[in-house]
Amino acid sequence: MTNWNLSPAEAAGCGAEGTCTEEGASEFRQRLLSPTGWRRSFIAGQSLKEAGISIAQSHSSGYKRSKDTAIAIGEGCGMDEPSLQIDEQNLDNSVHGFKNFQRIAGYTSAAGRDVEDASLLIRARMRQWLTDDWDVDHTGKVRLAVSHGGPIQSALGVSVDEGDCLWIKPSSETYGNAEPLDVELSSQTFAGEFRENVPRVDLLAVLSAEQMQKMAQCTR
């Protein structure tokens, strides 16, 4: 859970300026993780540990609330030195924080096309990222990614609430393109952005924070 009373300030401030995750920008201009959100994230990590699941890799968007969530889950799961990889290109709050994403990705949308352009580009990038390096042997472990509702809905077509945990794995099916595809935005084309034969992903479950806590109890 986050402090939604800071949402208007983020939207009118760093969101409008496109500087929310810019180097040197104050993280306190963003909507932040609440104490309740931190506790729930830590408990979610504990639930993974109780269920015998370890985190092999931990990734987050550049927003402070996402980084703090990933760190709390890692600590709860018992990672010795919770390491966090920031991935703004593939996990950014692109749909609602589109100005920040435009700065990161290096494009400017035509008037009225900000959300549509951000959705198109983050969909292509997140769908590929979700299956990258899956052939690496992490038996019994998971890759944790903390992102935002807009990108997840764009990539997977499912709406999520704060704290929801999506369990996915690559499918044996691909998106069916034998050659790389361009992503055409309103004012710029990203040539070959979506590589050939990207595996689809199977969405196994969407668990709320409360369900994550119950999951561990079922293993005892």
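In which sense do β1 and strand β2 pair, and over how many bridges?

1. β1 and strand β2 (residues 85–86) pair in the parallel sense, over two bridges. Two strands count as paired if DSSP finds at least two bridges between them. Strands (E, at least two residues) are DSSP runs, numbered from the N terminus. Within this pairing, His59 has Gln85 of β2 as its bridge partner.

2. On the basis of the model: it is predicted, local features need pLDDT of at least 70, side-chain atom pairs count only at pLDDT 80 or more, and totals for chains, interfaces and linings use all residues. Residues are numbered from 1 along each chain as its sequence is written, and side-chain values use heavy atoms, with hydrogens and water left out.

3. Strand β1 (residues 54–60) also runs parallel to strand β3 (residues 141–146), joined to β3 by six bridges. Opposite Ser60 stands Val146 in β3.

4. There is one disulfide in the structure, a disulfide being a pair of cysteine sulfur atoms within 2.5 Å. Cys14 and Cys20 form it, with their sulfur atoms 2.2 Å apart. The link is right-handed, with 85° about the S-S bond. Cys14 is buried at 2% relative accessibility, and Cys20 is buried at 3%. Buried means under 20% relative accessible area, exposed over 50%, and partly exposed in between (1.4 Å probe, protein chains only).

5. Cys77 is in no disulfide; its nearest cysteine sulfur, that of Cys165, is 11 Å away. Cys77 is buried, at 9% relative accessibility. Cys165 is likewise in no disulfide, and is partly exposed, with a relative accessible area of 23%.

Methods: Helices (H or I, at least four residues) and strands (E, at least two) are DSSP runs, numbered from the N terminus.
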